[in-house]
Amino acid sequence: MSYIPKTISEVVLEYINRTTFLPAIQREYVWDTDGIEKLFDSIMGNYPIGSFLFWKVLEKNKSLWAAYKFFSDFDKEYPHNEEANVAGINQDIYLVLDGQQRLTSLYLGLKGSYRFFYYNWKQTRLYINLFKKPERSDNPEELTYEFAFRESATQNPKNPNPQYWYLVGNILNFNSAKQARKDIRDRLIGHDLLLIDNAVELIEELHNRLFTERLINFFEERSDDYDKVVEIFIRANTGGKKLEYSDILLSTATAKWRNLNARDEIHDFTDEINAIGAGYNLGKDFVLKGALYLTSGLPIQYQVKHFTKPNLEKIEDNWELIKTNIHTTIRLISRFGYSDKNLISTLALLPIALYLSRLGKKNFVESTQQADVRNQLLMEKWLAIALLKNAFGGSSDTTLKNLQDVLNEQTDFSFFPYEAINKKLNIEPGFSETEIDNLLATQYGSKYSYLILSLLYPSRDWKDSTYHEDHIYPKSEFTARNLNARGYDPDVIASYQKHFNTITNLQLLTDKENLEKNAAALDGWLQMRDAQFKTRHSIPVLHNYGFDHFLEFIGRRRDDIKGKLKRIAM
């Protein structure tokens, strides 16, 4: 990796806000004044200040992506960068991928100001006390030089030490250290000669650090692949809070929406849908993907290059409809019994949301009209089958695009087009014997177990309760030691251990029920249950529920669950 060395004065005077800007993916400036003071102290003390990463954007491509100016006057009350007008720049430009905080700090210290609140709002600029002799300390937090953001150069009367506060940015007025030395000597005529010598020495040192030594070393990234650039940006910015891909896209959207704050809108909406029903863990990625999917004419691939300004403006224009249809979809599946525990693929919700957007019907979830109830049932069954057949487990973008095409081709939306969707997914609208056998063999706590169990409770109200997977016959009884103690032969032990942890011995209980049951034996537990308990939990009628009758229980319950899964078919 080859780095390009530059002096600080070159970067500040010739690059920043001339040919070098910030990309929309950058986060806001966060340094306080003490961080800037420490940065300049490090520069004066000849400590390294790290490398930088610039993205070179060709002139022909510069209009594709929003660029933002570095702060010249930072205000903590309004910490938002101004968009740069790069239309008049007839050359390639740079966008800073790594080093934004340091470069902004250099620019503010040399060319700008910093407004902050301390008892009242203060407009300050960076000064150095030229009369203070540099003193190194064993404490790395203590400054060697006396840099300070001040409202003016006026001497502090409460400070007994010698003071001459020099505005650091004035050093940029002198092309040579000789000129800077002469200027400060002229200013200090009449002062103590030792103090003058200290000031001259510091001025020369400051000029040398800014104009002579090449302390800015940046790597030039020239890729036109925007997703590669984002990946580089994420890897380069690994300090502090980890950056996620959605955070980058949110920054891009926030920068390019005209009227709404994309970050606030998407964060708030994500929180809102996650609070529906028993709760979800849907991320910003899902919402952003949904925004692409539900906006006509946009590519659905979740890549930065698709979040261009025109595309983001389309999403902003369509934002209320996007929210309405995603929100309706989540409310609908919540009524179906889905929650964070059994929603195997969130992407499977997007075709439903797209159908609802085409249907355009208000109050669909609450509707009791015959056509709406029929469509709700069709969507419920389709979603269950699609999830259990892992229809969205492969190339999800290809799958989503195919289903989008199916829905866009429809002319009649009075019926949810499950047949056309299933044909495109290449899945049957029901379960074969082999598929059902595989479902029944699903193990406790696995990816699909909660989903399969939830299908056994079609009439359950899922809204206000939390449900847990529970072993009907307590799992503690199925250890080899316990089974041997009962005198079972090896074949029976093998059969017991084959089935005890599968769907055929599992149910969903509420928090309270699960706590009460604990490891109670089934025969005693059932005697304390209400008359409908067995029906609710698909428990077959046996003359004896003792542990010796476990395999009879499994065989009968297996047949009952098979029938229920077959009835899910369309």
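Predicted model: local features only at pLDDT ≥ 70, side-chain atom pairs only at ≥ 80, totals over all residues.

Visitor: Why does Tyr15 count as buried?
Guide: Tyr15 counts as buried because its relative accessibility is 13%, and the cut-off for buried is under 20%.

Visitor: What is Tyr15 in contact with, leaving aside its neighbours within four places in sequence?
Guide: With those neighbours left aside, Tyr15 is in contact with Lys6, Glu10, Thr20, Tyr94 and Phe218. As for Leu103, its C-alpha is 11 Å from that of Tyr15 in space, and the two residues are 88 apart in sequence.

Visitor: And what happens just after α1?
Guide: There, Asn17 takes a positive phi of about 65 degrees.

Visitor: On to strands. Which way do β2 and β6 run, parallel or antiparallel?
Guide: Strand β2, residues 20-23, runs parallel to β6, and two bridges join them. Within β6, Leu95 is the residue that stands opposite Phe21.

Visitor: In what sense do β2 and β4 pair?
Guide: Strand β4, residues 67-68, pairs with β2 in the antiparallel sense, over two bridges. Here Pro23 stands opposite Ala67 in β4.

Visitor: A change of topic: how many salt bridges does the structure hold?
Guide: The structure holds 27 salt bridges. In general, side chains of opposite charge can pair when their charged atoms come close.

Visitor: Which residue meets Glu77 in a salt bridge?
Guide: The partner of Glu77 is Arg115, with an N to O distance of 2.9 Å. The pair links distant parts of the chain, 38 residues apart: Glu77 is in the loop between β5 and β6, whereas Arg115 is in strand β7.

Visitor: Is Arg115 buried or exposed?
Guide: Arg115 is buried, with a relative accessible area of 19%. Glu77 counts as partly exposed because its relative accessibility is 36%.

Visitor: What about Asp317; which side chain does it meet in a salt bridge?
Guide: Asp317 meets Arg258, and the N to O distance is 2.5 Å. This pair also links distant parts of the chain: Asp317 is in helix α10, and Arg258 is in the loop between α7 and α8, 59 residues apart. Asp317 counts as exposed at 59% relative accessibility, while Arg258 is partly exposed at 44%.

Visitor: With which residue does Arg558 form a salt bridge?
Guide: Arg558 forms one with Asp437, and their closest N and O atoms are 3.0 Å apart. The two lie 121 residues apart, Arg558 in helix α23 and Asp437 in helix α16. Both ends are partly exposed: Arg558 has a relative accessibility of 23%, and Asp437 has a relative accessible area of 28%.

Visitor: Which residues are joined into one network there?
Guide: The network consists of Glu433, Asp437, Arg558, Lys562 and Lys566, joined by salt bridges that share partners.

Visitor: What lines the second largest cavity?
Guide: Its lining is made up of Ala253, Trp257, Ile266, Val287, Leu288, Ala291, Phe307, Leu312, Ile315 and Trp319. By class, that is ten nonpolar residues, with no polar and no charged ones. Helix α9 gives the largest share, three residues, and α10 also supplies at least two.

Visitor: What is the volume of the second largest pocket?
Guide: The second largest pocket has a volume of about 420 Å³. It is lined by 25 residues, of which Glu320, Leu321, Thr324, Asn325 and Thr328 are the closest to its centre.

Visitor: Which elements give two or more residues to that pocket's lining?
Guide: Those elements are α8, α11 and α12. The largest share, nine residues, comes from α11.

Visitor: How does the lining of this second largest pocket divide by class?
Guide: The lining of the pocket has eight nonpolar, nine polar and eight charged residues.

Terms used
Residues numbered from 1 in each chain as written. Heavy atoms only, no water. 1 Å grid on protein atoms, 1.4 Å probe; cavity = no way out; pocket = protein on both sides within 12 Å on 5 of 7 lines; lining within 4 Å. Points joined across faces, edges and corners; volume = space filled by probe spheres on them. Helix = DSSP H or I, 4+ residues; strand = E, 2+ residues; numbered from the N terminus. Nonpolar A, V, L, I, M, F, W, Y, C, P; charged D, E, K, R; others polar. Salt bridge = Lys/Arg side-chain N within 4 Å of Asp/Glu carboxyl O. Buried < 20%, exposed > 50% of the residue type's maximum accessible area, 1.4 Å probe, protein only. Pairing = 2+ DSSP bridges. Contact = heavy atoms within 4.5 Å.
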